[in-house]
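Here is a short tour of a chain and how its parts pack together. Have the coordinates open as you read, and follow along residue by residue.

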Amino acid sequence: MLTKKQIELLDFIQKRMARDGVPPSFDEMKDALDLRSKSGIHRLVTALEERGFIRRLPHRARALEIIRLPDSMGGAAAIPGAASSDAAPGFSPRVITNNRPPQPRGAMTITDSPAVELPLMGRIAAGVPIEAISEVSHHIAVPGSMLRGRENHYALEVRGDSMIEAGINDGDVVVIREQATAENGDIIVALVEGHEATLKRYRRRGAMIALEAANPAYETRVLPESAVRVQGRLVGLIRSY
């Protein structure tokens, strides 16, 4: 027997996976269920996992898999590869054969997609802030479509795991648009007290600035506005396998 909140969360996850192909982040779950903190989401996810409705895949961000649904939601399995006659309403799994997914309409090969050389400015901490790096180590090619507007852009290599629930992993390369302002919820490069650089989600709290991690193992840092300088906003991510 599931609680109302557990059913609401399972329904939200199932609909988002059907729409986007990936589970929502914990922040998105928290907002959808109107909870004050992500700890409540962690408890709900754990309860659903213990009851056999979902499964968490280790060592991956946003790694949730729906195993089955309760009778009130159709009672059907919603796992990848399930037959369409058994799928939950609105869920249409795509089966990849021969280890190669179909090419999306309008997709270009890597050689057809225009690329832009951006300076890789070094490493940025997604965890404990590290010393700011402002020297170019080398250049990296990124798709031109990833760049927005006429502002300067640069790239940074991520070190740490504090942003994994935002889909940003250790070793990823983030593409940053240079700007000095941010909106609530933006993921930014913040220069803290003039010498520490960190990648965090930006929130304004009156005269204070909160730098939020996307990993419950890290605490939110709340600092005076004068101690935080926005160096740019995340606009893209590159991952190598």
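## Surface, cores and a helix crossing

This is a predicted model, and its accessible surface comes to about 14,100 Å², with 49% of that belonging to carbon and sulfur atoms. The chain is built from three helices and 12 strands. Of its 241 residues, 42% count as buried. Among contacts with a separation of 6 or more, 55% join residues 24 or more positions apart.

Let's look inside. The largest nonpolar core has 19 residues, and L9, L10, M29, I41 and V45 have the most contacts inside it. Helix 1 gives this core its largest share, five residues. The elements that give two or more residues to it are listed here:

| Element | Residue range |
|---|---|
| Helix 1 | 4-20 |
| Helix 2 | 26-32 |
| Helix 3 | 38-50 |
| Strand 2 | 64-66 |

A second, separate core holds 16 residues, including L156, V158, I176 and I187.

How do helix 1 and helix 3 pack? Their axes lie 10 Å apart at an angle of about 85 degrees, which means that helix 1 is roughly perpendicular to helix 3. Helix 1 brings K5, Q6, L9 and L10 to the contact, while helix 3 brings I41, L44, V45, A47 and L48. By class, seven residues of this contact are nonpolar, one is polar and one is charged.

Note on methods. Residues are numbered from 1 along each chain as its sequence is written. This is a predicted model: local features need pLDDT of at least 70, side-chain atom pairs count only at pLDDT 80 or more; totals for chains, interfaces and linings use all residues. Side-chain values use heavy atoms; hydrogens and water are left out. Helices (H or I, at least four residues) and strands (E, at least two) are DSSP runs, numbered from the N terminus. Buried means under 20% relative accessible area, exposed over 50%, partly exposed in between (1.4 Å probe, protein chains only). Contact means heavy atoms within 4.5 Å. Accessible areas come from the Shrake-Rupley method with a 1.4 Å probe; for residues, only the protein chains shown count as cover. A nonpolar core is a set of buried Ala, Val, Leu, Ile, Met, Phe, Trp, Tyr and Cys residues joined through side-chain atoms within 4.5 Å. Axes are lines fitted to C-alpha atoms, for helices over the stretch in contact, and angles run from 0 to 180 degrees between N-to-C directions. Angles under 35 degrees count as roughly parallel, over 145 as roughly antiparallel, 65 to 115 as roughly perpendicular and the rest as oblique. Ala, Val, Leu, Ile, Met, Phe, Trp, Tyr, Cys and Pro count as nonpolar, Asp, Glu, Lys and Arg as charged, and the others, Gly among them, as polar.
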